[in-house]
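Reader: I would like to learn how to read strands, helices and cavities in a model. Could you walk me through them?

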Amino acid sequence: MKQALKHTRTLLTALLLAPLPADGAVTGKPAAGENQKGGAGQLAAAFVSPPAEARPLAWWHWINGNVTKAGIRADLEDMKRVGIGGAQLLDVSIYLPPGPVRYGTDLWHEHVQYAIRTAAELGLELDVMNCPGWSASAGPWNTPERSMKQFVWSETHVDGGPTVKVSLPQPPTKLGFYRDVVVLAVPWSGDDYKNTLAVPPLKGTTPTPLAVKMKPIAPEQVLNVSRSMNPSGAFTGSLPPGRWTLLRFGFTTTGSKNHPAQPEGEGLECDKFDVAAVEFQFEHALGRVIREAGTNAGKALKGILFDSFEGGYQNWSEAFPQDYQNLKGYDFLPFVPVLTGRVIGSVEESEAVLRDFRSAVSELIATNYFGTMQRLAHRAGLKVYAEAQGGPLNPYLCNRFTDVPMNEFWMPDAAPRSSNMKQIASIVNVSGRSITAAEAFTAKPEDGRWLATPATLKAPGDCAFTAGINRFIFHTYIHQPYSDIAPGFTLGRYGTHFGRLNTWWPFAGAWLDYVARCQFLLQQGRTAADIALFANQHLGASLSARAVEAPAGFDLDVVYPHDLARMTCSDGLLHLPQGSTYRVLGLPERWSADLATLRQLDALAAAGARIVGPAPASPAGWRDLRGNISEWTALVEKLWGNPKTKTAGKVPLQSPAQALQGLGAAPDCELAVEPAGTTVRFIHRTAADADIYFLANPSNASVQVAARFRSGDRVPELWDAVSGQIADAPEYELNAGRARVPLALAANGSIFVIFRRSAPAGVTAVRTPANATAPLIVPVTGPWQVRFQPGRNAPAEIRLEKLGSWTQHRDPGVRHFSGIATYESRVNVAADPRERTSRCIVKLGEVWDVAEVTLNGRRAGVAWTAPFELDVTPWVRAGENTLQIAVANRWINRLIGDESLPPDARYELTGSKFTTGRLAELPAWLGHPELTKQRQRVAFATWQFYTKDSPLVDSGLLGPVQLEFRAETPVPPLR
């Protein structure tokens with residue numbers, strides 16, 4: 001096996017690495033048998049040149065009014081040049097002194113409309129954040145009456161009698177805003193019950209745990225005595241004998257504001273339960289922008305954005321009691337004491353009421369907030385992008401009202417967020433939508449600061465792809481108002497630094513082509529999964545990583561009550577209307593069920609569905625507990641049996657993995673990886689004309705993979721998104737509807753394995769001969785002339801007898817150089833080596849960080865990831881060849897070197913981690929080209945991440961560099 005894999009790897013590289021001309025088009029013939037006029041041919045053509053919707057977007061932060069029209073045009077033109085599909089505009093204020101373009105002014109609107117018109121001119125998409133800052137929906141136009149609300153209460157203990165007179169203190173308030181809701185009298189609980197949280201924490205709906213040791217309060221003992229209190233809080237009324245507690249309930253504003261907005265745009269968060277308040281917010285934040293966009297609204301101006309919800313929790317509004325009645329079918333006010341931690345009726349009843357309460361809060365946020373925003377956006381021809389997950393947001397409910405659901409992942413490892421990404425991707429998949437977007441490559445300070453390169457971005461990006469993300473929205477492309485300073489403006493301490501002033505950005509197009517090719521293929525069809533994992537909406541905003549971990553070789557979709565209601569079963573398979581089929585329905589742990597869910601589970605089980613998992617612990621809501629408990633209990637017993645009567649049920653207490661094993665289901669994608677202990681991630685998309693598998697190696701070392709796919713009797717093709725080359729797999733076996741394909745993946749390597757053509761009649765296998773011709777190696781030994789990008793404090797040119805890191809050079813200008821340096825050398829090749837070989841590959845060895853190769857004056861492409869190789873077959877010639885390698889490193893070394901030069905900007909060097917390093921004031925030379933040219937320092941950034949003693953990072957071409965001539969041996973089919 002190892003020998004076969006070795007030969008496969010040699011041939012794979014020759015087949016997959018095709019030359020990329022300067023215009024980015026991919027050369028090379030289509031795979032054998034491809035129909036260029038049919039669907040398969042269109043798939044290949046769009047893979048080579050991905051459409052606009054497959055291109056990534058970028059968050060485009062404007063920082064505290066530091067905006068220029070020249071910078072707007074330069075940014076957008078660069079996005080177009082490099083292959084970004086458009087920008088999402090966020091106007092923020094974060095750690096930077098103010099500039100002249102203040103939020104909401106005529107000047108600000110002028111710049112926004114200029115950006116929209118420029119995007120239209122360039123054919124780019126432009127979306128706008130729904131309000132100033134990045135969270136959530138707020139502004140100075142919102143009064144407390146229109147703001148997010150929270151319930152509050154006060155407690156007064158009294159003795160009952162025919163006449164009780166007492167002053168009930170007003171509950172705690174914020175911003176002087178308060179409204180009464182109800183006054184209730186409940187039996188005094190005794191000194192053993194201490195309510196220590198007078199102001200309830202909004203993060204939960206129970207300010208204290210239910211006092212399960214306290215004697216429950218009978219529902220009839222909860223007395224509504226609101227009429228006995230006047231507006232000033234004076235209570236005069238009668239109470240039955242005994243000791244009583246008067247609970248004065250009301251609501252106030254949460255006081256939550258948007259952030260980080262310019263001061264002119266800061267204000268209270270709008271009431272997410274109140275449709276009128278949300279409409280008011282939409283008009284004041286977006287109305288003028290949309291109207292002034294005119295015919296560009298819905299064209300260049302295509303959408304509105306909701307970043308992660310950081311506005312805090314809301315749990316009340318003026319209409320909440322009536323909304324609750326409409327949603328849950330009963331009056332909530334008699335149960336309000338459960339919000340203080342008291343038990344009404346029983347612990348079971350009170351917990352059911354609290355589940356209903358939490359559910360009502362989630363439903364109102366989804367319907368009245370996101371639903372209203374989407375309705376108004378659609379009326380203007382716009383779509384909604386939203387990270388509708390986390391905090392108080394239930395992703396299942398909220399994403400019914402988003403057009404492009406989003407999640408996020410951070411550097412340097414996307415894996416910790418895989419479960420959250422999978423949850424959102426599932427919502428997209430089962431609803432029949434195609435795009436799952438993500439705020440991509442966000443970075444904390446220690447992981448940002450210009451550390452990233454295309455090579456380091458690949459592994460986290462590939463991980464996100466395998467979790468179901470298929471459109472990146474980069475975090476972040478900062479607006480650069482001036483082009484004569486670099487690296488320029490930053491989002492304070494945060495983010496990965498994409499953009500035109502980054503050193504390696506001139507070569508970014510090759511990586512962005514890779515991203516776009518991956519995204520195009522992963523947007524086709526739908527994700528294939530064998531398991532439907534049911535998540536009741538009461539489980540909250542996110543599921544644990546363990547909960548969404550599928551058995552090896554299989555995949556799953558998370559489904560919700562709405563999806564379950566649409567499921568049917570035939571031939572033992574579960575079906576959804578959009579086309580997904582599942583072998584197993586898995587149920588969660590520690591869950592509650594409403595009666596409708598149990599009825600649907602019963603119907604599916606009766607139709608032959610394989611359902612596994614534990615029984616629900618309780619009814620989901622109070623009405624099922626009080627009014628439908630007999631049917632609820634009977635269905636639970638029917639489905640799961642009764643251990644007391646030893647009655648067997650229909651739903652075994654198995655895991656989905658055990659269920660699949662019991663069914664004898666073979667894995668969809670079975671991967672045996674060497675060396676032992678390493679893994680390869682995968683995702684499978686099924687389209688009308690193709691099955692698309694994406695495999696990604698998360699390791700920094702190469703791996704060998706024996707892969708088996710559930711493919712039918714079809715030919716496996718290898719689509720390399722790095723090069724854009726398509727080829728039939730050089731070795732495979734077909735047997736009983738499965739394909740065995742040996743693969744070799746480089747460090748952080750990836751490949752698409754696609755099945756779309758039936759194998760020729762009688763062909764069951766294709767194998768690589770064991771005696772493949774060894775490649776011919778021609779080393780490029782130098783010497784090397786190295787020319788440095790001017791204006792970076794480096795010598796114009798140096799001569800290197802051998803390759804090494806610039807950081808080891810004796811010249812401090814070379815040691816601290818950041819930018820692009822071009823290596824040139826000559827290499828002699830024996831007379832026409834192609835007489836016995838078919839491909840010539842330039843192998844660059846170790847590269848820090850990105851390299852563009854030119855051979856004999858012809859551009860061969862950009863090498864940005866391992867193994868840093870390019871096909872130069874069309875341009876190699878007998879005799880002397882001139883090889884040029886332009887290498888870009890990162891800004892880090894120059895930033896460190898500049899710290900030994902006199903400062904020309906003032907940074908804060910004391911304070912908290914949130915302030916140490918920020919620019920204290922805008923330098924006087926900023927924006928004045930003649931003064932800027934007089935600076936001694938090369939670099940300028942609005943945050944100081946490095947000191948003169950910070951360690952340098954390896955830079956340049958370390959090699960060894962060589963030409964490798966590879967033979968292509970004909971591969972005969974086996975019949």
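This is a predicted model: local features need pLDDT of at least 70, side-chain atom pairs count only at pLDDT 80 or more; totals for chains, interfaces and linings use all residues.

Reader: Which strands does S17 pair with, and in what sense?

Author: In general, strands of a sheet pair through backbone hydrogen bonds, either parallel or antiparallel. Two strands pair if DSSP finds at least two bridges between them. Here, S17 runs parallel to strand S18 (residues 556-559), joined by 4 bridges, with alanine 532 opposite aspartate 557 in S18. S17 also pairs in the parallel sense with strand S22 (residues 584-586), over 3 bridges, where isoleucine 531 has valine 584 as its bridge partner.

Reader: What is the strand order in the open sheet with S36, and which strands are its edges?

Author: The order of this open sheet of 4 strands is S36-S48-S40-S44, with antiparallel pairing. Its edges are strand S36 (776-780) and strand S44 (869-871), each pairing on one side only. From one strand to the next, the twist averages 20°; axes are lines fitted to C-alpha atoms, for helices over the stretch in contact, and angles run from 0 to 180 degrees between N-to-C directions. Strand S40 (residues 839-843) is joined to S44 by 3 antiparallel bridges, and isoleucine 841 faces aspartate 871 in S44.

Reader: Is helix H11 mostly covered or exposed, and how far does it reach?

Author: The expected span of a helix is 1.5 Å times one less than its number of residues. Helix H11 (residues 508-522) has 15 residues and reaches 21 Å from its first C-alpha to its last, close to the expected 21 Å. H11 is mostly covered, with 15 of its 15 residues buried.

Reader: How many cavities are there, and what lines the largest?

Author: On a 1 Å grid over the protein atoms alone, a cavity is a set of points where a 1.4 Å probe fits but cannot get out, and lining residues have an atom within 4 Å of a point. Grid points are joined across faces, edges and corners, and a volume is the space filled by probe spheres set on the points. Of its 17 lining residues, Leu895, Glu899, Tyr907, Arg937 and Ala941 are the closest to its centre. Helix H18 (892-898) and strand S46 (940-941) are the elements that give two or more residues to this lining.

Reader: And what is the volume of the second largest cavity?

Author: About 130 Å³. Of the 14 residues lining the second largest cavity, Tyr103, Trp108, Val128, Met129 and Cys131 are the closest to its centre.

Definitions and conventions:
Residues are numbered from 1 along each chain as its sequence is written. Side-chain values use heavy atoms; hydrogens and water are left out. Buried means under 20% relative accessible area, exposed over 50%, partly exposed in between (1.4 Å probe, protein chains only). On a 1 Å grid over the protein atoms alone, a cavity is a set of points where a 1.4 Å probe fits but cannot get out, and a pocket is an open set with protein on both sides within 12 Å along at least five of seven lines; lining residues have an atom within 4 Å of a point.
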